[in-house]
Each structure stands twice: as C-alpha cells, then as structure tokens.
Amino acid sequence: MSSPNGPASGLPVRMPPPRRSGRHRRPEPVVAPDGSPALVLAVPGTPGADVRSLAEEIVSIARSELPGLDGRIGYLDGDDDEFPGLTTVLNQALEQRTARYEQAKAAGVEVAEPEGPVAVVVPLLAGPHPTLLERIREAVAASEAQVELTDVLGPHPLLAEALHVRLSEAGLSRADRARLFTVATAADGIILTSVGGADAVQAAGITGMLLAARLAVPVMAAALDQEGAVAATADELRAAGSAQLALAPYLVGPEVDRALLESAAKDAGCAAAEPLGAYPAIGKLALSQYASVLGIKLPQQGAPVR
C-alpha cells in the first residue's frame, strides 16, 4: 500500500521527473478534444491520383500537428467513392457522428446529444477565388450537416516562406540571404501569379511584399487567368531594371491547369517555380484555420497578414 509520499513498504518507486519551469519548459502536447468536428479539406480542380496524393499529404501534416484530428477530403468536382464530393463527405460525417451517439446510448453509456458543427471546411486555396468559393458554399449548403466554413489560407508569412523555398528548389533564388555564394540563375525580379480576379491579385501582392523582403528583389503580382497580364507585368519589371525574371505561382496546385502556368511562363520569357503543393506550411495553415474556428490554441506559427 502506498501513500502520497511514496510506497508504504519502503520499496523504491520510479517517480515522474519534475516539470521544468521557465522559458525552456517543454510545452504540453496539444491534441484534438474528444468529439471535435472533422476538418474537411475542400479540394478544387479535376480529381486524380496526383491531386489525391497532395490532399492526403496536407491532411497528414495537419494530423501530425494535432493528434486525434479527424481529417477528411471533399472534392469540389468529385462524384464517386474514389473521389467523394464535398457534400457527400459532410453528410457522411453527420451520419457517423449520429451513429456513434446512438450506439453509445444503446450500450447504456451516458452521453450528451451531439451539438455544434459536424465539420469545419477549409478551402484548399492560397488566396480568394470568388467562383470556387461560391461553389464551396453551395456544396456546404446542399449538405444536411451543420458546418463552419473558414477563410482561404493566405495571405500569411508562411506562404512567403513556401514561395521562397519553391524558387530556391528551381534554382531561381538563394535558399538563404545570409549565405555568401550566389546562384547564377537567380532571378532579380519575381512575377507572383494567382487566379481568382482582382481580389486574388491583391492578396498575392501582400504576400509578395513579404517575399520581396526575404529575397531583396522586386516582386509583382499578376492574374494568371487574365490574358496578357503576366506578360505585361514582365515588361514592367524589365522596364524597372530587372533582367532575369522568374514566375512564382501563388497557388496550391489543383485550382489551376498546369498548361496555363506553362503558357504564362512562355509569354513572360522566364522560368517558373513549382506551385506551393504540399509544402508543410499549407497543412499548418489549414489546421490553423480549423483551430481558429474552434478556439483551439496551437503553437505559434507566425502571425497572419490581413
């Protein structure tokens, strides 16, 4: 028999080490509260193996940041078991929550009737896109579930970091301004491309200012879906003294046709980096939007820019 002060028999016992105090104390791990709504990633674009792999990786990143998270994927243009549509995924989440409640009641477990949102829908978009966002709202409204819809992922300093990394991976910028070596192909002017109209260009421009500060080169935003806009921006940068340009997609990837990117780079006469894709910041920002709706405090990831 033991007491709060140790074993009554006098035998040694392994006691947990005292928690470190002060600024270097390891933070308590954050986990998803029991019964939390699902995080449903709303994925635009044509469903396919590559899009599914990207979406699954983003959800996996979010789960790694918040253990216990119920992460799901709903495709805006999905309509089957392999690529379920957003409305279908939301209805499934509702059915499964109701079934768990009924099973618990049948087993004699005292449980409260579930309330609040069944899911939090996070659009897989770096910036605003009125057409796609309206379709997401329609899919949410068509479901039977109570749902919260978050804002898009940007603008945010983490997206500027992701753009920098993608440019570096393509050999179009130095990975670190502090390094003394130079990259022969490094661009001295960046065209930040977006889709979604004037609001999307404005949002891209905000992140572009952060990217310009990181790279110490001019960055200008242009609409990828407006004919001639990228080429006109390239001319403007060259007129201002930039000789070697690079195109940086302010896009996750599925929301745009790759042929459009290739055509824009050709029109501007410059090389292009890859879209943001499943860069870790994308998963973290999706989770941040989810956590913000539910009031879950996550480790600091950098302040959003609005």
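How many of the six residues of β7 are buried? Six of the six, so β7 is largely enclosed by the rest of the structure. Here "buried" stands for under 20% relative accessible area, "exposed" for over 50%, and "partly exposed" for what lies in between, with a 1.4 Å probe and protein chains only.

Before we go on, a word on what you have open. This is a predicted model, in which local features need pLDDT of at least 70 and side-chain atom pairs count only at pLDDT 80 or more, while totals for chains, interfaces and linings use all residues. Residues are numbered from 1 along each chain as its sequence is written, and side-chain values use heavy atoms, with hydrogens and water left out. Helices (H or I, at least four residues) and strands (E, at least two) are DSSP runs, numbered from the N terminus.

**Stop one: β7 and its sheet**

Select residues 189-194, which make up β7. On one side you'll find G189, I191 and T193, and on the other I190, L192 and S194; both faces are covered, and all of these residues are buried. In a regular strand the side chains alternate between the two faces of the sheet.

β7 belongs to an open sheet of four strands in the order β8-β7-β9-β10, with parallel pairing. At the edges stand β8 (219-223) and β10 (271-272), each with a single partner strand, so one side of each is left without a neighbour in the sheet. Two strands count as a pair if DSSP finds at least two bridges between them.

Five bridges join β7 to β8, and the two run parallel. Look for I190, whose bridge partner in β8 is V219, and then for S194, which stands opposite A223. Turn to β9 and you'll meet five bridges again, also in a parallel pair with β7; there L192 faces A248.

Next, show the helices lying across this sheet. Helix α4 (residues 157-169) lies across β7 and β9 (245-249), at about 130° to β9. Helix α6 (residues 229-239) lies across β7, β8 and β9, at about 160° to β8. Axes are lines fitted to C-alpha atoms, for helices over the stretch in contact, and angles run from 0 to 180 degrees between N-to-C directions. Contact, in turn, means heavy atoms within 4.5 Å.

**Stop two: the other sheet**

Move to β3 (38-43), β4 (71-75), β5 (119-123) and β6 (147-149). They form an open sheet of four strands in the order β4-β3-β5-β6, with parallel pairing. β4 and β6 are the edge strands, each pairing on one side only. Neighbouring strands here are turned by 30° against each other on average, direction ignored.

Zoom in on β3 and β5: five bridges join this parallel pair, and L41 stands opposite V122. α2 packs on the sheet, touching β3, β4, β5 and β6, and its direction makes about 145° with that of β4. Helix α8 (residues 280-294) lies across β3, β5 and β6, at about 140° to β5.

**Stop three: helix α2**

Select residues 86-106. At 1.5 Å a residue, the 21 residues of α2 should span 30 Å, and its end C-alpha atoms are 30 Å apart, which agrees; the expected span is 1.5 Å times one less than the number of residues. Among its buried residues are L86, N91, R97 and Y101. What covers the buried residues of α2 includes the strands of stop two and α3 (130-142).

The axes of α2 and α3 come within 8 Å and cross at roughly 35°. L86, T87 and L90 in α2 meet I136, A139, V140 and A142 in α3. By class, this contact has six nonpolar, one polar and no charged residues. Ala, Val, Leu, Ile, Met, Phe, Trp, Tyr, Cys and Pro count as nonpolar, Asp, Glu, Lys and Arg as charged, and the others, Gly among them, as polar. Just after α2, stop at G108, with a positive phi of about 85°.

**Last stop: two loops**

Find P155 in the loop between β6 and α4. The peptide bond from G154 to P155 is cis, with omega near 5°.

Then go to A216, in the loop between α5 (198-215) and β8. Its phi is near 60°, a positive value in a residue other than glycine. Is A216 buried or exposed? A216 is exposed, with a relative accessible area of 53%.
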